Amino acid sequence: MKSNKVVSLLKDLGLLLYAMFALFPLVWLVIISFKHDREMFNTTFIFSPTLDNYRVLFSSGEFIGYFVDNLIVSVGAIILSIVVGVPAAYALARFDFKGKESIAFTFLSFRFAPEILVVLPIFLIYQKIGLYDTYFGLIWIFQVVSLPLMIWILRGYFEDISVEMEHAARLDGYSWWQVFIKMIIPLIKPGLVASSLLSFIFVWNNFTFSLLLAGQKVTTTTVAMLKYVSSDTVHYGQMAAAVLISSLPIIILALAIQKHLVRGLSMGAVKG
Amino acid sequence: MLLRKFLAIIISLVVGIVFSACSNSTQSSGSSVEKTELKKLDGFDWKRFKGEEINVMLNQHPYAEAIIKRLPEFEKLTGIKVKYSVTPEESYFDKLTTALNAKNGNPDVFMTGSYQLWEYAPAGYIQELDPFVNDKNRTSSDYDINDFFEGVLNADKWDLVPGHKVGTGNLWAIPLGFEINVLHYNKRAFEQAGIKNPPKTFDELIEIATKLNGWNGEGSYGIAIRGTRSWATIHPGYMTSFSNHGAKDFEIENGKLVSKLNSSKSVEITKKFVELIKKAGPKDWSNYTWYQSSSDLGAGKAAMAYDADIFSFFNNKEGASKEAGNLAVAPPPATKNGNLGSNMWVWSIAMNKSSQKKDAAWLFMQYFTSKEHMIWGATQANVVDPARKSVWEDQGFKERISKIEGYEETFNSVIGNSTIKFTPQPEFFNTTTEWAAALQDIVNGADAQERLNQLANDINKRVERLRVK
Amino acid sequence: MQVEHKRGKFVQADSTTLLSNEEIKIPFLRKMRPYIILSPAFLLTIGILIPFGMAIYYSFTNFSFKYAVYNWIGLENYISMFKDPEFWHSVKVTIMYAGLATVIETVLGVIIALLLNRESVIAKSLRIVLIFPLVIAPVIATLIWQLMTNNSVGILSKWLRMVGVDNFTWGADPKTALFTVLVIDAWVFTPFVILLVLAGLRSLPKAPFESAMIDGGSAWFTFKNLTLPMIMPMLLIAVLFRLMASLQMFDIIFALTRGGPGNTLMTLPLTAYTEAFTYKELGYSLPYMLILWAFVYLISHYMVKYWSHTQKKASGK
C-alpha cells in the first residue's frame with residue numbers, strides 16, 4: 001500500500017506540473033488585465049492594480065454588442081448542429097444502408113477544406129444571395145466547423161448502445177420517442193456534452209469566417225479583440241480584460257456541464 | 001461509391017464554374033482607366049447632396065478616430081448620413097481588398113496607404129480624383145490643394161506605368177496624415193553614457209547604439225528596429241537609409257523592370273544595417289513589429305529607435321509610457337554627404353470607382369482633409385503628422401510638438417527631400433515581403449551578396465508576371 | 001419482431017419470415033428512412049462544394065485582385081508550383097509541424113487524461129480547469145505567448161536569464177521557431193485530446209477493470225490490453241481531428257512570425273495565404289490550398305478506415 005501512495009503522489013505531481021504549464025499563462029493574463037499600460041513591462045507580480053482596463057471595455061457599449069453578437073452566432077450554430085447532427089449520428093450508427101460510410105466520410109471531409117480556400121468564394125456567394133454580414137450567414141457556414149465533430153463523436157456513442165436495450169424498452173411498451181429521450185439521450189450525455197462544448201469553443205473562437213463574412217452589423221469578439229492592438233500601441237491590459245470577459249461564457253458552460261461528463265453506470269451492466 | 005464521389009465533385013465544379021462565370025461578367029464591366037463623366041453642377045454647395053447615405057471603411061487608427069469624432073459636424077453641415085466600419089489593421093486590407101473586388105459600390109470611401117494604391121488603381125477599383133479636385137463646383141474654394149506638402153501629395157499620384165516614379169499622373173487619394181522616419185533617442189540614456197549629441201553618420205550610430213546595450217538593466221538594448229517577415233520591416237528605417245545611400249530598388253532596362261537589389265550600393269547599405277541590428281538591435285529582432293519597437297522605446301528598454309517620427313509623439317505624452325518626457329528626435333543617419341530625405345508612410349482616403357454616390361463621397365473626403373479638420377485633428381486629437389503645411393504653422397500645433405526635443409527641427413530639415421522612395425509597381429507587397437525574408441536570412445548569417453543575388457533573381461521572375469497594358 | 005443482425009444495427013423484418021436479406025421486402029419509405037434522417041445535416045453542409053468548385057475553377061486562371069481581368073491558363077499554376085523549391089519546403093514544414101503537434105498532443109493528452117481519471121483531490125479539482133487553455137482563441141494565445149517570450153520584457157525570458165540562459169529567442173530564432181509554435185499549439189489544443197479521452201475513459205464499464213485488478217495485472221498491462229483498445233475509437237477521433245486541423249494551421253504561425261524567420265515556418269497554409277492576401281495572387285495560391293486539401297483527404301481516408309476497424313475491435317472486447 002505504501003508504494004501505492006508514493007505512486008499516487010507522483011501522479012498528482014505530474015498533474016500539477018502540467019497544470020502549471022496550462023494555467024500559468026492564464027493566471028498571468030488575469031494579472032495583466034489589472035495592470036496599467038505604463039507598468040506593463042517594468043513590473044512582474046508587484047504592481048498597483050487598476051480597474052481601468054475593464055472600465056474602458058465597458059464604457060463604450062461596443063464590447064457588449066460584440067459579446068452578444070458572438071453569443072447569438074455561436075449558440076445558434078450549436079443548437080442547429082445538435083438538432084441536425086444527433087439524428088444524423090443516430091442514423092449512421094443504427095441503420096445499414098448503401099453509401100453509409102461514404103456519407104459519413106463526406107461529413108468529415110467538410111473539415112478538410114482549409115478556411116482560406118473557401119472563404120473568398122463564399123464571400124462572393126453570400127454577397128450575391130444577401131447573407132453577407134448576417135447572423136444566419138455565419139451560423140450556416142459554422143456548420144461546416146461544428147457538425148462533423150458532433151456527428152463523429154456522437155456516432156461512436158450511439159454505436160456503443162446495444163440495440164437490445166432499445167428493444168427491451170420498446171417491449172416494455174415505451175414509444176420510440178420516449179425511449180430516445182428517456183434512455184438513449186442520457187447514455188450519450190458525455191459525448192453530447194463533450195462535442196457540444198468543443199464545437200461551441202471552435203465556433204466561438206472562429207476568426208477567418210467572422211472576419212471576412214461579417215464585420216459591420218455582426219462583429220464577433222474574436223475579430224474585435226484585435227482592436228486592442230491599436231495603432232499607437234498594444235493595450236495589453238485591455239486586450240487581456242477583453243479576452244477574459246469573452247471567455248466567460250465558455251468557462252461557465254464548462255463548469256456547468258462537468259458532471260454530465262460521467263455516463264450512467266447502467267452501461268457497465270450490459271456491456272460486461 | 002467512387003462514382004458517387006466523382007459525381008459530387010463534378011456537379012460542384014460545374015456549379016462553381018457557372019457561378020464564377022456569372023461573377024466574371026461583373027468583372028469585365030469594370031475596365032481600367034475610363035474617363036469619368038461627371039454631371040455639370042452649378043456652384044458649390046455643401047448641402048447639395050442632403051439625404052444621401054454613404055458607407056466608409058476605416059482602419060483602426062487615430063486618424064479614423066478623429067474622423068468618427070467629428071462625424072456629427074459633417075452630418076450637420078451636409079445632411080449626408082455616414083455608416084462606417086472599423087477594422088483592426090492586421091486584417092483591414094484583407095477585408096478591403098475583398099470588398100473592392102466585389103465592385104458593388106460598398107464602401108464608397110475607404111482608408112488606404114499609398115502602396116496599396118499601386119495595386120488597386122491598375123485594377124480599376126479607385127476613382128480618379130483630378131476631375132473632382134479641379135471642379136470649382138464640386139470643391140470648396142478654400143480647400144487649397146496646394147497646401148499639402150508636395151512629397152506627401154505626390155505619394156498618392158501615379159500614372160500606372162511600372163517604373164515611373166510617384167508624383168506622375170492622376171491623383172488617386174487625399175492624404176489624411178503621414179509619418180517620416182527618424183532617429184529617436186532617450187535623453188536620460190545619453191546623459192548616463194556621457195553622449196552629448198545624437199549620431200550623424202551611420203557608423204556613429206552603430207558605435208553609440210552598441211555602447212547603449214544594457215543601459216537600463218535587464219533586457220535593455222541599443223536601438224529598436226522592426227524585423228518581421230513583412231513589407232513593414234523594409235519601408236521605415238531600412239528604406240530611408242537605402243535611398244539616402246543612393247541605392248535603387250529597380251531600374252528600367254529595355255522597357256522592363258529590373259531589380260537592382262544586388263547592386264554594390266544595395267549590398268553596402270544592407271550590410272551596414274544588418275551590422276546595426278546584430279550589434280545593437282533587440283535579440284528577437286525578427287519578431288519585432290511597430291508595436292514592439294514603439295513600446296520598447298516607451299518602456300525604456302530601447303535607448304533609441306529608427307522608425308516613424310510619431311513614435312516619440314505618442315510615447316512622450318505625459319503618462320503615456322514610462323519614459324514619457326525623456327524622448328527626443330534627430331534626423332536619420334547619413335552614409336554620404338548630401339540632402340537627407342526619408343521614406344514616408346501616408347494614410348489617405350480614396351473613393352470606390354463603383355460607388356453610386358461619388359459626389360456625396362467627395363464631400364466627405366474634402367471635409368476630413370480640409371484645413372479646419374486637420375488643425376483640429378493635430379491639436380485636439382492625434383492626427384500626426386498633419387499633411388498640410390498650414391497646420392505646421394499653427395501655434396497650437398507648434399506648441400504641442402515643442403514638447404518633444406528636436407521634433408520640429410528634424411521634420412523641417414528632412415521633409416523637403418521626403419516622399420515615397422520605392423519604385424511603384426503592383427507587385428510591391430510581393431517583392432518587399434521577399435526582401436524582408438532575405439534581410440532576416442542575412443541577419444541569421446547568410447552572405448549578403450549571395451542572398452541579395454537570389455532575391456534579385458526571384459523578384460525579376462515576379463515582376464515578369466506584370467501585365468502592363 | 002425486430003432482430004439484431006450486426007451489433008448495434010437492425011434490419012426490420014416481417015414478423016413471420018426468417019432472416020434472409022434477399023427475401024425481405026422492405027417498404028420504400030422504410031428503406032429511405034436513414035437518408036431522410038440524414039438529409040437536413042447533409043443539405044446544410046453540401047453547399048460547401050460550390051465554393052469548392054469555384055476554387056478549383058479559379059486555380060486554373062491567373063485571377064488576381066490586382067488586375068481587372070483574368071485569363072484561363074490551364075495547368076500553369078500547378079506546374080510552377082511543383083517546380084518551385086519553396087513549395088516542397090512548405091510541404092516538408094507542414095508535415096513536420098502537423099506530425100509533431102499531433103504526436104505531442106496525443107501522448108500528452110492521454111497521459112493527462114489517465115491522471116485525471118483518478119479520485120484524488122487534485123485530480124478532481126483540476127479536471128475541469130485544465131480545459132481552459134482550449135477556450136483561448138489561437139490568435140490570442142499566440143499574442144500572449146509572444147509577450148511572455150519577448151526578449152526584453154517577457155516574463156519567460158526573465159526567468160531564463162535567472163538560470164543563466166540568455167540567448168534563447170523563442171520565435172525569433174530559426175532554430176527554435178518551430179519549437180515555439182509547437183509549444184503554443186500544444187498549450188491550446190492538448191485539452192482537446194484530454195477532453196475526448198477523458199469522456200471516453202469515464203464511460204468505460206467498470207467490470208473488466210475490476211476483474212483485471214483481481215487477476216493482478218500490472219498497470220501497463222491493463223492499459224495496453226484493456227484501456228487502450230476500448231478508448232481507441234475516441235482517441236482516434238481526437239487524433240484525426242487534431243491532424244486535420246494542424247495540417248491546416250494558420251493562425252498561430254502567422255501571428256508569431258508570419259512564416260519567418262526567413263522561410264523557416266512557411267507551411268502550405270502560410271504560403272497560400274501570403275500569395276492570396278499579401279500578394280493578391282488568388283489564382284496562383286489556390287493550387288497550394290487544393291494540394292493541402294487532397295493531402296488531408298488522403299490521410300483522413302486511411303485513418304477512418306483504421307478507425308472503423310478499431311471500433312469493431314473495441315466493441316468486440
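**Aromatic contacts in a predicted model**

User: In this predicted model, over which ring does the charged end of Arg388(B) sit, and how far from its centre?

Analyst: The model is predicted. A charge counts as sitting over a ring if CZ of Arg is within 6 Å of the ring centre and within 35 degrees of the ring normal. The charged end of Arg388(B) sits over the ring of Tyr143(B), and its distance from the ring centre is 5.2 Å.

User: Over which ring does the charged end of Arg242(C) sit?

Analyst: In chain C, the charged end of Arg242(C) lies 3.8 Å from the centre of a ring that it sits over. That ring belongs to Phe189(C).

User: How many aromatic pairs does a search of the whole structure find?

Analyst: The search runs over all chains. The number of aromatic pairs found is 85.

User: What class of aromatic pair do Tyr238(B) and Phe242(B) form?

Analyst: The two residues are four apart in helix H10 (residues 231-244) of chain B, and therefore about one helical turn separates them. Tyr238(B) is buried at a relative accessible area of 1%, and Phe242(B) is buried at 0%. Their ring centres are 6.0 Å apart with 35 degrees between the planes. Planes under 30 degrees apart count as stacked and over 60 as edge-to-face, so this pair is tilted.

User: Which parts of chain B does the pair of Phe273(B) and Tyr306(B) link?

Analyst: The ring centres lie 6.3 Å apart and the planes meet at 50 degrees, so the pair is tilted. Phe273(B) counts as buried at 2% relative accessibility, as does Tyr306(B) at 1%. The residues are 33 apart, and the pair links distant parts of the chain: helix H11 (residues 264-280) and strand E10 (residues 302-308).

How values were computed:
Residues are numbered from 1 along each chain as its sequence is written. Chains are lettered from A and ligands numbered from 1 in the order in which they are written. This is a predicted model: local features need pLDDT of at least 70, side-chain atom pairs count only at pLDDT 80 or more; totals for chains, interfaces and linings use all residues. Side-chain values use heavy atoms; hydrogens and water are left out. Rings of Phe, Tyr and Trp (its six-membered ring) pair if their centres lie within 6.5 Å; planes under 30 degrees apart count as stacked, over 60 as edge-to-face and the rest as tilted. Buried means under 20% relative accessible area, exposed over 50%, partly exposed in between (1.4 Å probe, protein chains only).
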